[in-house]
Amino acid sequence: MADRSIVAEMREFVKGVNRFMLEKVIVSLEKEAAEDKIKELREKLALYQTELLVDTGLCRGKKRADKAENADKADKADKTDKADKADKADKADRTDKTVGAGRIAEGKSSGKDAAVYITDRPDAVRAAAGEDACILLYLTEENRGKIWGDIPYAVEGLEGLDGDFLEKVYQRHVKEPWEILQTDRLIVREMTEEDLDALYRIYDQPGIEDVMDGLSEDREEERAYVRAYIERAYPFYGFGLWMLVERKSGRCVGRAGFFMREGFDEPELGFIIAREAQRKGYCMEACGAILEYGFRELGFERVQALAAERNGASLAVCRKLGGQRSGSIVWEGRSYVRFVWSR
């Protein structure tokens, strides 16, 4: 058995590196989950000091609530003793539903716990925990055909879930940027609206429009674009263009990542480094790690990059990264050299 002090140190290390926010994971399923799957998930979450709660009372309480509501409708014509009894039964059922929801109801009252609810009954969870509950949809035959536009993530079982994925589900819910990876000198993370000033500083380079698309001259228009990108592109693709942050100073020194160019099947590597941070090897350091991440974590088979023929620095980076030249193309009036990486 591992020494408890060593385990505690490991947990603190994991939380310190990943800035772990998630405190609780609550499994609330109409059909009881297998004990071995619950045990496996609990063990995985223990490393992150995240509590796992299993609550089957919620959905049972919901069923009782539905039955009481139907009975109440049937008795509306009778405005005497039956109506009084139905009212009392409804109140009692609401109390039972709160008790049945157990720890979920406690979470609602405190309003402080950072929790993800894994459930096949989102409406029941929201009724007990609040409309702003962070939900990971557990797919079943009954709910698969419904539209859950406000729930971005779903699973078909508890297998494979771990603290890192559930933390990301919660971060997306509270609009916190995902940390993608770290290198020796850089943190690669998603953009935030607060990065707008840094983006204008990074793109403030002579002749930038000749080799790549720049930013809008209207800052509010660019802010709206950044906001839409964060809300739509990151969740939809699972990747995007990310910020490069200098670990030592916390300063944004560039932008790099993947995007999909219209008319191409392969994800494309894009990158730009701020003028004051150039000639320090940041681009090679970031893009090398990002390419590895794309193949290993995102499952890419091929990645392309289009480097403007006039952009000697980008051409050199692509060659040093091991990109294979795959011809030249003209795109929106600019001439590019196409590079390809394969798994």
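Lysine 37 is partly exposed, at a relative accessible area of 24%; here buried means under 20% relative accessible area, exposed over 50%, and partly exposed in between (1.4 Å probe, protein chains only). The model is a predicted one, in which local features need pLDDT of at least 70 and side-chain atom pairs count only at pLDDT 80 or more, while totals for chains, interfaces and linings use all residues. Residues are numbered from 1 along each chain as its sequence is written, and side-chain values use heavy atoms, with hydrogens and water left out.

Lysine 37 forms a salt bridge with glutamate 159, with 3.8 Å between the closest N and O atoms. A salt bridge is taken as a side-chain nitrogen of Lys or Arg within 4 Å of a carboxyl oxygen of Asp or Glu. Lysine 37 lies in helix 2 (residues 35–46) and glutamate 159 in the loop between strand 5 (154–155) and helix 7 (163–173), so the pair ties together parts that are 122 residues apart in sequence. Helices (H or I, at least four residues) and strands (E, at least two) are DSSP runs, numbered from the N terminus. Glutamate 159 is partly exposed, with a relative accessibility of 47%.

In the whole structure, 23 salt bridges are found. Side chains of opposite charge can pair when their charged atoms come close. One of the bridges joins aspartate 210 to arginine 310, whose closest N and O atoms are 4.0 Å apart. This pair links distant parts of the chain, 100 residues apart: aspartate 210 is in helix 9, and arginine 310 is in the loop between strand 11 (302–308) and helix 12 (312–320). Aspartate 210 is partly exposed, at 40% relative accessible area, and arginine 310 counts as exposed, at 68%. Glutamate 268 and arginine 261 also form a salt bridge, with the closest N and O atoms 2.7 Å apart. Glutamate 268 is buried at 2% relative accessibility, and arginine 261 counts as buried at 14%. Arg201, Arg251 and Glu276 are linked in a network of salt bridges.

Charge also gathers on the surface, where Glu209, Glu217, Asp218 and Glu221 make up a patch of negative charge. Patches are made of residues with over 30% relative accessible area and no salt bridge; like charges are joined within 9 Å, and nonpolar side chains (Val, Leu, Ile, Met, Phe, Trp, Tyr) within 5 Å. Lys and Arg count as positive and Asp and Glu as negative, while His and the chain ends are not counted. The place of a charge is taken as NZ of Lys, CZ of Arg, CG of Asp or CD of Glu. Glutamate 217 sits in the loop between helix 9 (208–211) and helix 10 (219–237). With 83% relative accessibility, glutamate 217 is exposed.

A nonpolar surface patch of about 340 Å² is formed by Phe236, Tyr237 and Met260. Accessible areas come from the Shrake-Rupley method with a 1.4 Å probe, and for residues only the protein chains shown count as cover. Phenylalanine 236 belongs to helix 10 and is exposed, at a relative accessible area of 66%. Glycine 238 is located in the loop between helix 10 and strand 8 (241–246). This glycine is partly exposed, at 32%. Between glycine 238 and phenylalanine 258 there are 9.9 Å in space, C-alpha to C-alpha, and the two are 20 residues apart in sequence.

The structure holds 0 disulfides, a disulfide being a pair of cysteine sulfur atoms within 2.5 Å. For cysteine 287, the closest cysteine sulfur is that of cysteine 283, at 4.0 Å, which is too far for a bond. Cysteine 318 is likewise in no disulfide, and its nearest cysteine sulfur, in cysteine 287, is 8.0 Å away. Cysteine 287 is buried, with 0% relative accessible area, and cysteine 318 counts as buried at 1%.

Backbone angles were also examined. Most residues other than glycine have a negative phi. Glutamine 49, which is not a glycine, has a positive phi of about 55°. Glutamine 49 is found in the loop between helix 2 and strand 2 (51–54), and counts as partly exposed at 36% relative accessibility. Glutamate 332 has a positive phi as well, near 50°. Glutamate 332 lies in the loop between strand 12 (324–331) and strand 13 (334–342), and is exposed at 61% relative accessibility.
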